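Colleague: Before I get lost in the whole thing, please zoom in on one topic for me: the salt bridges. Walk me through them one at a time.

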Amino acid sequence: MNRKKLQKLTDSLTKNCKHFSKFEVKCLINLFYNLVGEVTERQGVIIGLDRNAFRNILHGTFGMTDDMIMDRDCFEVFDLNGDSFISKEEMFHMLKNSLLKQPSEEDPDEGIKDLVEITLKKMDHDHDGKLSFADYEQAVREETLLLEAFGPCLPDPKSQKEFEAQVFKDPNEFNEV
Amino acid sequence: MGVALTRSAQWSAAGHGAKTLEVTPLNEAIVKEIIMFVESFIYKYPQEANYVFVEPLEWKTNLDPSAFGSGYAVSGTTVKSEEVDKNGEPLLYLSVPQIKIRSFGQLSRMLYIAKNMKLKEAQACIEDYEFSNGCRAPPWRQIKGEICYVLVKPHDAETLCVTCSKEGVFLNGGKTDDEGQINYERKGEIYKDLVTLLKEKSAIFSENMSKQEIKFSEQPQKDQPNEAPKEEVAITHKTSITSRKSTQEKNRINLGRSQLTKRLEPSLNWRTSVSSKESRNTLRDTQGEKHGGKLEKSRSSLSPGRAQLIRKSVEKIEEIISDSSSESEEDEEQPDHRQEANADLPSEYWQIQKLVKYLKGGNQTATVIALCSMKDFNLAQETCQLAIRDVGGLEVLINLLETDEVKCKIGSLKILKEISHNPQIRRNIVDLGGLPVMVNILDSPHKSLKCLAAETIANVAKFRRARRVVRRHGGITKLVALLDCRKHSAEPAQSSLYETRDVEVARCGALALWSCSKSYANKEAIRKAGGIPLLARLLKTSHENMLIPVVGTLQECASEENYRAAIKAERIIENLVKNLNSENEQLQEHCAMAIYQCAEDEETRDLVRLHGGLKPLASLLNNTDNKERLAAATGAIWKCSISKENVTKFREYKAIETLVGLLTDQPEEVLVNVVGALGECCQEHENRVIIRRCGGIQPLVNLLVGINQALLVNVTKAVGACAMEPESMMIIDRLDGVRLLWSLLKNPHPDVKASAAWALCPCIQNAKDAGEMVRSFVGGLELVVNLLKSDNKEVLASVCAVITNIAKDQENLAVITDHGVVPLLSKLANTNNDKLRRHLAETISRCCMWGRNRVAFGEHKAVAPLVRYLKSNDTNVHRATAQALYQLSEDADNCITMHENGAVKLLLDMVGSPDEELQEAAAGCISNIRRLALAIEKARYS
């Protein structure tokens, strides 16, 4: 890949993406090409990572092991039966081990049911008794903590930090060290 | 007997019902004396013993009817004496347990019958003494509705003699000197009950009444009554409860007010905080006690609370020393009003309780859901804030901060950040050890966590103890580190998400530092951690939300000399000036405040002008709605106008006229600064004319009657400066301003006294008939002379200056001589203070002009110390001293003293001084000494 093309790509990506600075975009492009390896570019062929390679990276870099999680969105992860809704039952299923069982309580599931109600109250914006993707998205936009509302499914923050530190390392700074 | 009882008997404190005599040796002796008197009465004065009382003595007896023998008719539970009055009524009548006796004879017999129970009976008789209608006032006063009289000696006031009447309670004329009679005349208002009256008369009483647990025996109210009132005690009990509440309410209001005024910073440096501190202490006690009687839940917080109180008192000294003037305990002492046990709990309370249960017993997923749900409550509402605390939520939230779960920490901090706006919650968080945990989070690699922790610390560190905890756990260093966002870019549009987050971290750090910077030790810690250059760098941004905490921190810290130097060195003034032009009023206010603090320094004042800061400051005067900003702006103008070049600029901008317009209808915080600024401007003739022309003298003179000490110091200075213009002086005189200044010499505060005295000097100089004017103040001259007994150097110097001016009038000089001005001045002669030396020497030289004062100064040993003044480094002292010595050298003995003390050589040097007055005086003095020596020589040879 020639320098000119790289420059152009960096510029266009920086323009379209508000989250990353030019330097950071450059780092990400570098990373991408490092991962893909030296592939000669040909007309009409989109270069990229195949599923296996991506899975390996997720596993290696972010320490994620659950196969099911890896290729899906958080919402899809939580939508156990794949009907595009997270139902009360699914929630109950996912939350059932989230509370310490208190021997004093008559119905051990009481707390879980209540928790499901609380969650629905918070996230079910259209009040249909189940969570659509729209509900989910809105709730997460309001409170990012709810992204993994029903259990962990993303790289843990520690791995994220390490990744960022690795990728966005300032080459100048590195040289100084 | 009555007198003995009145004066000496030791009554027990008010119990229920009647007062009782305490069992003390003194009381026993008194009662025994009474018994002896009564017992022997029948033998000693047999005639009088038969005299029948108008009203019977009546009490509850323990005597058994069977004890009565011959001379009495006993039937069952009643006894009648056979001795009767002329109507046939028995003189002793006992109907168990009530006994009525109507003559001394029967009293004697009764005591004889009582045998070993004499003491008890006598005591019961004395204690139960009251008229049958329950009143204790003499019958002729009962007609007027009076019930009884009480003497009350409060801790902080004179003994009060109080009449309790049917209409209410009032002060009477007190006990007259003879025989403990009472002057029944009403002297003052009628209060509804004794408590109200006492609260009005005694501050300590009212303070104590506001305490939660009043033990009656501990009250400052010590009755030494003729008789003690049954009714009153009952009333006191009843009202104490309501009055206690209202006092607390009042205190709260006061606190609220002091918080309000707190933000008006510029003048606070002089505010005496004694009174507010006192009221705080009261409240603190109240809280301490309140903890005790709380719901079970809150009891756990009792012991740490107490421990803190103790710790606090130990560390107090350190903090008092180390805290700067801007320190305030704004919220620490707010009353802790927890939910009453029986009050109706709002529904939120139960919902929050349930969520806290899930927080405790859930895994990360459940915890996050519970946290998010809790966040949806209105956390700005006190009900929710206190509910979270009262169900033990604070403990759980703080515990979550110690876990490794980032999400839980974030969720917990998001809640803590909101509820810590509540002063009580802040205290609770500190009590539960929340601050060290948050300080640790500042090290976290997660920027959002850092931000939340810093923001929460910013809220919590609003009181001194919290600020200290932050510092002791290394929080200041960590917060300063947050300010360091390396890739900080000036243009927000181009920065990436990461960089934006860095800026946000720095902003939160600044926010927390702002709160922390109110303690002196923290200011030092910030400086040592290298905070100033970082703050200076952040000051270059254009984000208002960043600038406000940064400037806020700088403004707090600028109270310290170290900072002011650093602020100058880091070129911060430039940016402060730039931000004066901001649209944001709060930012303008803090910039002006910072300039106000820094402009003590001359170079800084010049910098403000050079960077064009005077014009925006002057234009800030035009908006008078925002009083905080107005106070800051006028403060900055005041300090800047200490430099003449700045005053010239302000005159150009017509700021002087605007300032005169601000002399009325402004809060004291603003007035202090406005008058201070005018006082500086007045040092120039041109400005004095402006002030007179736009009618500034009248409002200035009007302010002379205030009580704000800082304001009075500035007003007297300004009025004094105005008096330098004869034309202005006429106005001041017409407005009776000189009399007002003169009466300020009686102000308790030395700064005010001195400032008033300095102001009087130009007044006397420029008044038309000054001598007559001064004489017209009755007792004025004596007052001034007596101020020479002050131990404040500034007061002494200023009073000397006043006396110098007064003494220009021969008649007045004669009067002050009679008041003993010479010995008083002579006493002051041994001083090293050059200012005092100068003015003292001037006064002495002026006072020499009357009678034999020259000789008198010599006799009072003022001459030798004056000679030593010539060794001072101050030419002003030299000139004044040489002149004084010249005057004194007219007396031969003084010449000898001067000669002995080596004056000649010193004076010879001064003859060569470029100062002509000094030359002349020195030469004159030498000539007098020389002439005396020649005369002596001549006498010897002739």
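**Salt bridges in chain B**

Modeller: Start in helix 23 (residues 520-528) of chain B, where B:Arg527 and B:Glu524 sit three residues apart, about one turn of the helix. Helices here are DSSP runs of H or I with at least four residues, numbered from the N terminus. The two side chains form a salt bridge at 2.9 Å, N to O, the term meaning a Lys or Arg side-chain nitrogen within 4 Å of an Asp or Glu carboxyl oxygen. B:Glu524 is buried at 12% relative accessibility, while B:Arg527 is partly exposed at 28%; buried is under 20% relative accessible area, exposed over 50%, partly exposed in between (1.4 Å probe, protein chains only).

Keep in mind that this is a predicted model, with pLDDT of at least 70 needed for local features and 80 or more for side-chain atom pairs, while totals for chains, interfaces and linings use all residues. Side-chain values use heavy atoms, without hydrogens or water, residues count from 1 along each chain's sequence, and chain letters from A and ligand numbers from 1 follow the written order.

Next, B:Arg688 meets B:Glu725 at 2.8 Å, N to O.

B:Arg775 is partly exposed, at 26%.

There's a network as well, linking B:Lys417, B:Glu455, B:Glu504 and B:Arg507. Over all chains, the search finds 39 salt bridges.

Methods. Helices (H or I, at least four residues) and strands (E, at least two) are DSSP runs, numbered from the N terminus.
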